[in-house]
Amino acid sequence: MKRSIPSICALWLLACGAERHASTLQDTGKPALHAIQSERLQDLMSRLNDLMFEHLLTEVELDRERRLRLQEMAEVAGVMLGTVQEIPNALPSLALNPQDRLAFLDLSGRLKEQVAQLKQEAEQNYVDGIPKRLEQIVAICNECHRSFRQLPH
């Protein structure tokens, strides 16, 4: 069975495009049989290379960046957790009635729980849960501020 020259070139193009380290053709010193189509083939090979590998490199780089950001987020959440644990120490200076004290402690406990979960999700690279967790943290902070923050008049 005889293969046509375009079929052989197409297979060759695919084979060349599959090897990342062979992104440029080596000069063998011999004239190419397809010299007439050389520029077009080089352009097509370059496009195949871009389609095949540039996207993958971008995804790999994005994944690496995502892991680094999550690691940093876990570290920040750890520091935040230490700070949040100190919030109940502010109770004596707040002069709250018993009901408000319980509400304050409840909000403080909920915040501590959410920050601990954020830290855990970041450490486990669970990206999908983080936006919702951050929303919950902000909501708890806002609720506490509405209830207990006294702004100067």
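The model is predicted, with local features needing pLDDT of at least 70, side-chain atom pairs counting only at pLDDT 80 or more, and totals for chains, interfaces and linings using all residues. Residues are numbered from 1 along each chain as its sequence is written, and side-chain values use heavy atoms, with hydrogens and water left out.

**Exercise 1.** Classify the geometry of the aromatic pair formed by Phe-104 and Phe-148.

*Solution.* The structure holds one aromatic pair. Rings of Phe, Tyr and Trp (its six-membered ring) pair if their centres lie within 6.5 Å, and planes under 30 degrees apart count as stacked, over 60 as edge-to-face and the rest as tilted. The ring centres of Phe-104 and Phe-148 are 5.4 Å apart and their planes stand at 90 degrees, so the pair is edge-to-face. With helices taken as DSSP runs (H or I, at least four residues) numbered from the N terminus, Phe-104 belongs to α4 (residues 98-123) and Phe-148 to α5 (residues 130-148), so that the pair links parts of the chain 44 residues apart. Both Phe-104 and Phe-148 are buried, where buried means under 20% relative accessible area, exposed over 50%, and partly exposed in between (1.4 Å probe, protein chains only).

**Exercise 2.** Describe the lining of the second largest pocket.

*Solution.* A pocket is an open set of points on a 1 Å grid over the protein atoms alone, with protein on both sides within 12 Å along at least five of seven lines, and lining residues have an atom within 4 Å of a point. Of the 16 lining residues, those closest to the centre are Ile-87, Phe-104, Leu-111, Cys-144 and His-145. Helix α5 gives the most to this lining, with five residues, while α2 (38-84), α4 and α5 each supply at least two.

**Exercise 3.** Identify the residues with the most contacts inside the largest nonpolar core.

*Solution.* Such a core is a set of buried Ala, Val, Leu, Ile, Met, Phe, Trp, Tyr and Cys residues joined through side-chain atoms within 4.5 Å. The largest has 17 residues, and Leu-111 and Val-115 have the most contacts inside it. Helix α4 provides the largest share of this core, six residues.

Conventions
On a 1 Å grid over the protein atoms alone, a cavity is a set of points where a 1.4 Å probe fits but cannot get out, and a pocket is an open set with protein on both sides within 12 Å along at least five of seven lines; lining residues have an atom within 4 Å of a point.
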